[in-house]
Amino acid sequence: MKSLLILGVCSLLCVAPNLAAVTYQFIAADKSAETKICVAAGNDQRGVLRRKLENYSHNFRLSTNLIDCNGMSLTQFSYKYGALKSFDFLNRFTSMKNRVRQSVTIKDIYSYNGADSTHVVVIRVSAK
């Protein structure tokens, strides 16, 4: 019975993010290396993010905690915009003050409208 309940919850959690899909498009406000790192983190490009961080500084812990994207730490920025691959990668190197404080949010999925379920949000990214 427990395994059936867990399976049901897992399948619901897999479907839930697709119900209200929002696509974010990140545009760099300048051409600095920090802004490019922020854009890679927001676009959930883990490989690109890793290479850019290696080129920026070989110390991932230092660069992860020093770079701010739109007023948030790099880890908080990737979490806010749903870049979970980037978040998982960055979270290992993040100090306690820059960690994400996760919370549970309940959304009304009854108001789901299948015809207009996805839309693009353009966000200008700056590390300054």
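Predicted model: local features only at pLDDT ≥ 70, side-chain atom pairs only at ≥ 80, totals over all residues.
Residues are numbered from 1 along each chain as its sequence is written, and side-chain values use heavy atoms, with hydrogens and water left out.

Let's begin with the whole chain. The protein chain has six helices and four strands; here helices (H or I, at least four residues) and strands (E, at least two) are DSSP runs, numbered from the N terminus. Going along the sequence, the order is α-β-α-α-α-β-β-α-α-β. Of the 128 residues in the protein chain, 32% are buried, where buried means under 20% relative accessible area, exposed means over 50%, and partly exposed is in between (1.4 Å probe, protein chains only). Contact means heavy atoms within 4.5 Å. Take the contacts between residues at least 6 apart in sequence: 64% of them join residues at least 24 apart.

Eight of its 10 residues are buried, so helix 2 is largely enclosed by the rest of the structure. The buried ones are Glu34, Thr35, Ile37, Cys38, Val39, Ala40, Ala41 and Gly42. What do they pack against? The partners of these buried residues are strand 1 (22–28), helix 3, strand 2 (68–69), helix 5, helix 6 and strand 4 (119–125).

Two packed helices are described by the angle between their axes and the distance between the axes. Axes here are lines fitted to C-alpha atoms, for helices over the stretch in contact, and angles run from 0 to 180 degrees between N-to-C directions. The axes of helix 2 and helix 3 come within 9 Å and cross at roughly 160°. That makes helix 2 roughly antiparallel to helix 3; the cut-offs are under 35 degrees for roughly parallel, over 145 for roughly antiparallel, 65 to 115 for roughly perpendicular, and oblique for the rest. The crossing of helix 2 and helix 3 is left-handed, meaning that the near helix is turned anticlockwise from the far one by less than a right angle (clockwise would be right-handed). On the helix 2 side, the contact is made by Ala33, Glu34, Lys36, Ile37, Ala40 and Ala41, and on the helix 3 side by Val48, Leu49, Lys52, Leu53 and Tyr56. Sorted by class, the residues of this contact are eight nonpolar, no polar and three charged. In that scheme Ala, Val, Leu, Ile, Met, Phe, Trp, Tyr, Cys and Pro count as nonpolar, Asp, Glu, Lys and Arg as charged, and the others, Gly among them, as polar.

The loop between helix 2 and helix 3 holds Asp44. Asp44 has a positive phi of about 60° although it is not a glycine, and at 23% relative accessibility it counts as partly exposed. Asn70 also has a positive phi, about 50°, and is not a glycine either. Asn70 lies in the loop between strand 2 and strand 3 (72–73), and its 31% relative accessibility makes it partly exposed.

Helix 3 and helix 6 pack at an angle of about 40°, with their axes 9 Å apart. They are therefore oblique to each other. Arg46, Leu49, Arg50 and Leu53 of helix 3 meet Lys85, Ser86, Phe89 and Leu90 of helix 6, and by class that contact has four nonpolar, one polar and three charged residues.

Finally, two residues of helix 4. Ser63 is found in this helix and, at 1% relative accessibility, counts as buried. A polar atom of the Ser63 side chain lies 3.3 Å from the backbone oxygen of Phe60. Leaving aside neighbours within four places in sequence, Ser63 is in contact with Leu53, Tyr56 and Ser57.

Asn65 is in helix 4 too, and at 18% relative accessibility it counts as buried. With neighbours within four places set aside, Asn65 is in contact with Phe93, Thr94, Ser95 and Asn98. The side chains of Asn65 and Asn98 make a polar contact (3.1 Å); a polar contact is a pair of N or O atoms within 3.5 Å, and within protein one must be able to donate a hydrogen and the other to accept it, with residues adjacent in sequence counting only if both atoms are side-chain atoms.
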